[in-house]
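User: Please take a close look at one helix of this model, and then at the ring and helix packing elsewhere in the chain.

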Amino acid sequence: MKTKIMTVSEEEVSDEMLTDAGDIILCGGLVAFPTETVYGLGGNALDPKASEKIYAAKGRPSDNPLIVHIACMEDLEKIVSDIPENAMRAAKAFWPGPLTMIFKKKDIVPYETTGGLDTVAVRMPVHKTALALIRTAGGFIAAPSANTSGKPSPTIARHVIEDLDGKIDMIIDGGAAVIGLESTIVDFSVETPVILRPGFISLQMFKEIVPDITMDAAFLNEGNPQVKPKAPGMKYRHYAPKGQLIIVEGKQEDVVSYINQCLKEQQNKGEKTGVIATNETYDFYQADLVENIGSRTDDEEIARHLYGILREFDEAGITYIYSEQFDTPRMGQAIMNRLIKAAGHCIIKL
Ligand code: TXA
Ligand code: MG
C-alpha cells in the first residue's frame, strides 16, 4: 500500500486535505494524525473491521482496547451509557485535553474496538487538526498511539513513517507533539474513580476536581508482578528501546561517577553505550552517545523529549543505555512510569 504523507500547520488545515482524510476513515481506512500528547493511528471507532485493521498495522494484541476520540460532549452520550457527576466535572476541567475517561459502553461501540470489554475509553483532544479530522470523519475515531506495538510512542511524523509507512492510507504531519507522553487515563466505570495511567494531568491536579480519586494499585506496587494493572495495555512490555536500559538513582555526583564506571566496563566489552543526561550533567559523561533530555527542573521538557531520545539510541545501534532518574513533582510519576517500563524494571539504587 502507498501511504500518502500530508503536511499541515496547526493554524491552517486545508479543507481539501481534511475531506480526503475524513473520507479514508469513513470508508474503513486508516489515517495517522497529530494530537497534543502523541500521534494517533485513527480508524472509524464504530466499524469493527477498521479496529481490526488498526491492530494488524500496529502488531498489537487484540485484547488491548483502543481509545475513542470525540470532538464534542453531545457525542459522548451517543457511545456511553452512564456519565457520573464526577466525570462531568473532570470533562469541564480537562476537556478538550490530555485526559481519557473510561465509561460503560453502549451497544453501538463494537467489542473489536474495546478489546472485548463492556467499557470504552474516550478522549477529546485539544489539537486543532485532530478535532477537525474527528468532525469530518463522522465523530468517532478509534486511535491508539501510532507506533509499532512495543516501540516508543511517536512524537513527530518521522517516527510514524518509520513504523507504519506502507501499512496505512495516510499520515498527517503536524509537527512535534507539545506534551510528548500519552494521556492520563481515569476509570469512571467503577464506584471510586481510579487513575490507570499517569500523564500530563497529575493525581494532585485531579484531586482538586475529584477529591476521592485514587491511583491504580499497580503503581503503588510498581515492580510487584502480583499486582496486575487494570488497563490491559499497561501489562505489556512497552516503550522499549532495542538496547538494555538501566536507571540509576541516587545523589547527582554518585550517579555520574557510577554511570561513568559502568560505561567504561561496557565499552571494554565492546558494547556501544548511551546516557540520558540533563543540562546539569550532560558535560560529565563519556559515552558513545549522550542525549540531553533538558533541565532537571523542567518536567514538561523532559516529557517532550523522552520518546524521541529512546528512538535515537536505536538508530545509533546503542546496546547499553544508562539513565538518571527524574522524580520531578508534577509529571515525574508519568515520566518515571514510562522510563521504568522501557527499562523492564531494571533500576539501580545507590
Ligand atoms: O494520549 C493518548 O491517549 C494517545 C493519543 C493518540 O490519544 N493514545 C494512546 O492510546 O495512548 P494507546 O492505545 O496507546 O493506549 C491506550 C491505553 C491502553 O493501555 C489500553 O489498555 C487502555 O488505554 N484502555 C483502553 N480502553 C480501556 C478500557 N475500556 N479499560 C481499561 N483500559 C483501557
Ligand atoms: Mg500506545
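Helix α11, residues 332-342, is mostly covered, with ten of its eleven residues buried. Buried means under 20% relative accessible area, exposed over 50%, and partly exposed in between, with a 1.4 Å probe and protein chains only. Helices (H or I, at least four residues) and strands (E, at least two) are DSSP runs, numbered from the N terminus. This is a predicted model, in which local features need pLDDT of at least 70, side-chain atom pairs count only at pLDDT 80 or more, and totals for chains, interfaces and linings use all residues. Residues are numbered from 1 along each chain as its sequence is written, chains are lettered from A and ligands numbered from 1 in the order in which they are written, and side-chain values use heavy atoms, leaving out hydrogens and water.

The buried residues of α11 are Gly-332, Ala-334, Ile-335, Met-336, Asn-337, Arg-338, Leu-339, Ile-340, Lys-341 and Ala-342. After α11 comes Gly-344, with a positive phi near 55°.

Next, the rings. The structure holds one aromatic pair. The ring centres of Phe-94 and Phe-206 are 5.1 Å apart and their planes lie at 45°, so the pair is tilted. Rings of Phe, Tyr and Trp (its six-membered ring) pair if their centres lie within 6.5 Å; planes under 30 degrees apart count as stacked, over 60 as edge-to-face and the rest as tilted. The pair links distant parts of the chain, 112 residues apart: Phe-94 belongs to helix α4 (residues 85-94) and Phe-206 to helix α7 (residues 203-207). Both Phe-94 and Phe-206 are buried.

Two rings have a charge over them: the charged end of Lys-105 sits 4.2 Å from the ring centre of Tyr-111, and that of Arg-330 sits 4.4 Å from the ring centre of Phe-200. A charge sits over a ring if NZ of Lys or CZ of Arg is within 6 Å of the ring centre and within 35 degrees of the ring normal.

Among the helices, the axes of α6 (residues 157-164) and α10 (residues 299-315) come within 11 Å and cross at roughly 50°. Axes are lines fitted to C-alpha atoms, for helices over the stretch in contact, with angles from 0 to 180 degrees between N-to-C directions. The contact (heavy atoms within 4.5 Å) is made by Arg-158, His-159, Glu-162 and Asp-163 of α6 and Gly-308, Arg-311, Glu-312 and Glu-315 of α10.
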